[in-house]
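Please read these notes with the model open beside you.

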Amino acid sequence: MATTTKPDEVSLLEHLDMSQINCLNEQPDHDFKSIVASKNINLPESSTYLASDADGQLLINIHFNQAVRIRKLVVRSKVPDNGPKTLKLLINKPAIDFVDVDGVADSQFSQVLELSKADITEGKPIALRFVRFQSVNSLHIFVESNHYGDGDEEETRIDAIDLLGTPVEATKDLSGLRQEEH
């Protein structure tokens with residue numbers, strides 16, 4: 001039996017504004033753009049990955065070319081101990097830096113996720129609080145820690161990331177656009 005993708009669970013990677021996405025504390029040779037440029041979460045043989053530089057924290061800033069509704073987040077890492085553990089999500093901020101997220105109470109974030117090693121090695125889709133992600137122009141993912149420890153000692157590695165949802169424009173009611181019969 002073939003599986004079908006629900007209309008509200010399509011990859012949103014094709015709607016990224018590549019000119020505006022960035023990641024703070026990434027290694028120059030292992031940057032965020034390299035893992036989303038292919039727009040494919042299922043690249044087990046890919047040699048590209050995102051790695052943190054000075055410590056285990058990352059701040060990923062994702063901008064879309066239109067408003068989107070995000071239902072699920074998928075994060076994959078081939079090295080479970082270096083995979084992200086605690087993710088804190090914010091939406092629709094013009095620009096943020098570590099001072100905007102480090103030490104901030106969890107209640108100030110749109111959602112806080114604790115990923116297991118199985119979540120990141122198997123690439124399990126993690127459901128988001130859909131009501132908070134209805135009209136997203138930008139998503140900011142603060143990787144606070146990895147599975148190695150507290151995030152200060154070892155690099156964090158992300159091999160692939162995907163966002164599942166739908167563009168807001170695709171969900172509008174088009175029933176009023178019926179052509180009149182002649």
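The points below go from the basis of the model to its strands, loops and side-chain contacts.

1. Basis of the notes. This is a predicted model, in which local features need pLDDT of at least 70 and side-chain atom pairs count only at pLDDT 80 or more, while totals for chains, interfaces and linings use all residues. Residues are numbered from 1 along each chain as its sequence is written, and side-chain values use heavy atoms, with hydrogens and water left out.

2. Partners of β4. Helices (H or I, at least four residues) and strands (E, at least two) are DSSP runs, numbered from the N terminus, and two strands are said to pair if DSSP finds at least two bridges between them. With β10 (residues 160-167), β4 pairs in the antiparallel sense over eight bridges, and with β8 (residues 136-146) β4 is joined by seven bridges, again antiparallel. Three bridges connect β4 to β2 in the antiparallel sense, and two link β4 to β7 (residues 126-127), which also runs antiparallel to β4.

3. Two asparagines with positive phi. Most residues other than glycine have a negative phi. Asn25, however, has a phi near 75 degrees, and this residue lies in the loop between β2 (22-24) and α1 (32-36). Asn92 likewise has a positive phi, of about 55 degrees, and is found in the loop between β5 (84-91) and β6 (111-114). Asn92 counts as partly exposed because its relative accessibility is 35% (buried means under 20% relative accessible area, exposed over 50%, and partly exposed in between, with a 1.4 Å probe and protein chains only).

4. The surroundings of Asp53. Asp53 belongs to the loop between β3 (50-51) and β4 (58-76) and is partly exposed, with a relative accessible area of 47%. Leaving aside residues up to four places away in sequence, Asp53 touches Asn25, Glu26 and Gln27, where a contact means heavy atoms within 4.5 Å. The C-alpha atoms of Asp53 and Leu24 are separated by 9.0 Å, although these residues are 29 apart along the chain.

5. Which rings form the aromatic pair? A search of the whole structure finds one such pair. The rings are those of Phe98 and Phe142, with centres 6.1 Å apart and planes at 70 degrees, so the pair is edge-to-face (ring centres of Phe, Tyr or Trp, the last by its six-membered ring, must lie within 6.5 Å; planes under 30 degrees apart count as stacked, over 60 as edge-to-face and the rest as tilted). Phe98 is in the loop between β5 and β6 and Phe142 in strand β8, 44 residues apart, and the pair thus links distant parts of the chain. Phe142 counts as buried, at 0% relative accessibility.

6. Arginines over rings. The charged end of Arg71 sits over the ring of Phe130, 3.8 Å from its centre, and Arg157 lies over the face of Tyr49, at 3.7 Å from the ring centre. The criterion is that NZ of Lys or CZ of Arg is within 6 Å of the ring centre and within 35 degrees of the ring normal.
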